[in-house]
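Thanks for coming, everyone. Please have the viewer open.

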Amino acid sequence: MLDKVRDLQQQIEQYTITSPEQLEQFRMRFISRKGVITELFEQLKLVPPTDRRAVGQELNALKNAAQTRFEQFSQLVDEQQTVAGNAPPLDLTLPTLPNLTGTQHPLSLVRQRIIQIFERIGFNVADGPEIESDWYNFGALNFPDNHPARDMQDTFFIEKAADGGTDMLLRTHTSNVQIRLMERQSPPIRSIMPGRVYRNETISARAHCLFHQVEGIYIDRNVGFKDLKDTLYHFVKELFEPGTQIRFRPSYFPFTEPSAEIDISCQICGGKGCNICKYSGWVEIAGSGMVDPQVIANCGIDPEEYTGFAFGMGIERITQLKYVVNDLRLYTENDVRFLRQFEGL
Ligand SMILES: [Zn+2]
């Protein structure tokens with residue numbers, strides 16, 4: 001019995017291993033429950049009781065030696081596999097690979113947020129064509145024939161009509177949807193119209209040939225300037241940081257009278273003055289006003305009976321103020337380093 005043990009001890013010491021298959025052979029022969037060492041442990045009861053203790057100790061030493069050798073061989077085989085460029089050994093303690101699920105575009109985030117705010121106070125969402133006739137983009141909105149916005153340098157014309165025909169163009173604002181809505185729906189009308197608009201501009205950090213707007217309109221009996229102010233105060237309070245100041249500044253648009261531009265206290269410097277607000281402490285976010293009675297009449301609604309307000313803002317502008325994005329080109333370059341900053345928002 002002792003001879004067998006010593007013989008095995010020698011075998012284990014002299015064993016060499018160069019492949020995973022040989023490692024498995026070693027394990028089967030010396031470590032597994034069907035191996036030679038387990039067999040010897042079973043034969044231990046046949047050994048005379050006086051020798052049993054000594055033989056048992058030798059057997060335990062043999063078992064430990066086999067185990068140690070097996071661990072050394074395993075490590076060796078793992079290292080060989082790594083060097084050979086095979087799959088590294090499985091390490092369950094490593095952190096998992098990040099699961100990149102993509103993000104919402106910042107303009108989509110802000111657009112959705114704006115829609116959400118207005119939907120909660122009863123505005124629905126309206127849509128209309130991006131290719132539009134001169135009438136819906138300009139004429140119905142009181143733009144005079146010689147208005148500079150109709151200039152080739154501001155508007156992308158698709159088709160310049162011969163005398164008496166209609167010019168077709170890419171809409172320069174989403175106001176065309178307001179006109180179409182008023183034509184086909186009788187008051188009360190309470191809608192917002194988010195969408196893409198086009199201007200013939202050279203692309204730079206501060207200008208782009210396409211951008212996004214959200215306009216809104218509310219037409220009903222007895223709608224006054226107070227309703228306009230209430231609605232936009234609510235909007236600013238919901239969208240921007242608490243404590244944001246708001247002011248209305250008299251302005252002029254062909255389609256509203258009176259008209260006002262809406263400024264909020266600068267989100268970047270908190271009103272102290274910085275280069276975003278040109279050191280005034282205020283930034284413009286929207287144009288607004290009471291819809292001109294002529295525009296209401298142009299759509300077949302009686303301006304004596306109905307009044308209303310309208311407003312419009314650029315989604316890029318709001319996004320710039322909310323997330324401090326200072327180059328308009330970033331929105332269309334699809335640089336994932338930029339887009340990933342909006343993960344989880
Ligand atoms: Zn500022």
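Start with the sheet. This is a predicted model, and in it seven strands form an open sheet in the order β1-β5-β6-β10-β9-β8-β7. The pairing is mixed. Which strands stand at the edges? They are β1, residues 124–125, and β7, residues 246–253. Each has a single partner strand, so one side of each has no neighbour in the sheet.

Now the β1 end. β1 pairs with β5, residues 189–198, in the parallel sense. Two bridges make that pairing.

On its β6 side the sense is antiparallel, with ten bridges joining β5 to β6. Find Gly195 there; Gln213 of β6 stands opposite. Is β5 mostly covered or mostly open? Mostly covered: eight of its ten residues are buried.

Next, the helices on this sheet. Helix α7, residues 175–184, lies across β5, β6 and β10. For reference, β6 is 210–220 and β10 is 307–314. α7 runs at about 30° to β6. Helix α8, residues 225–239, also packs on the sheet. α8 touches β7, β8, β9 and β10. Its direction makes about 125° with that of β7.

Which α8 residues are buried? Leu228, Thr231, Leu232, Phe235, Val236 and Leu239. Around the axis they cover an arc of only 130°, so they sit on the same side of α8. The face away from the buried side carries Lys226 and Lys237, both exposed.

And what covers the buried residues? The cover includes four strands of the sheet, β7, β8, β9 and β10. It also includes two helices, α5 at 106–120 and α10 at 315–323.

Last point: zoom out to the domains. The domain assignment gives domain 1 as 2–83 and domain 2 as 106–331. How far apart are their C-alpha centres? They lie 84 Å apart.

That's the tour. I'll take questions now.

Definitions and conventions. Residues numbered from 1 in each chain as written. Predicted model: local features only at pLDDT ≥ 70, side-chain atom pairs only at ≥ 80, totals over all residues. Heavy atoms only, no water. Pairing = 2+ DSSP bridges. Contact = heavy atoms within 4.5 Å. Axes fitted to C-alpha atoms, helices over the stretch in contact; angles between N-to-C directions. Buried < 20%, exposed > 50% of the residue type's maximum accessible area, 1.4 Å probe, protein only. Arc of directions from axis to C-beta. Domains from an automatic or database assignment.
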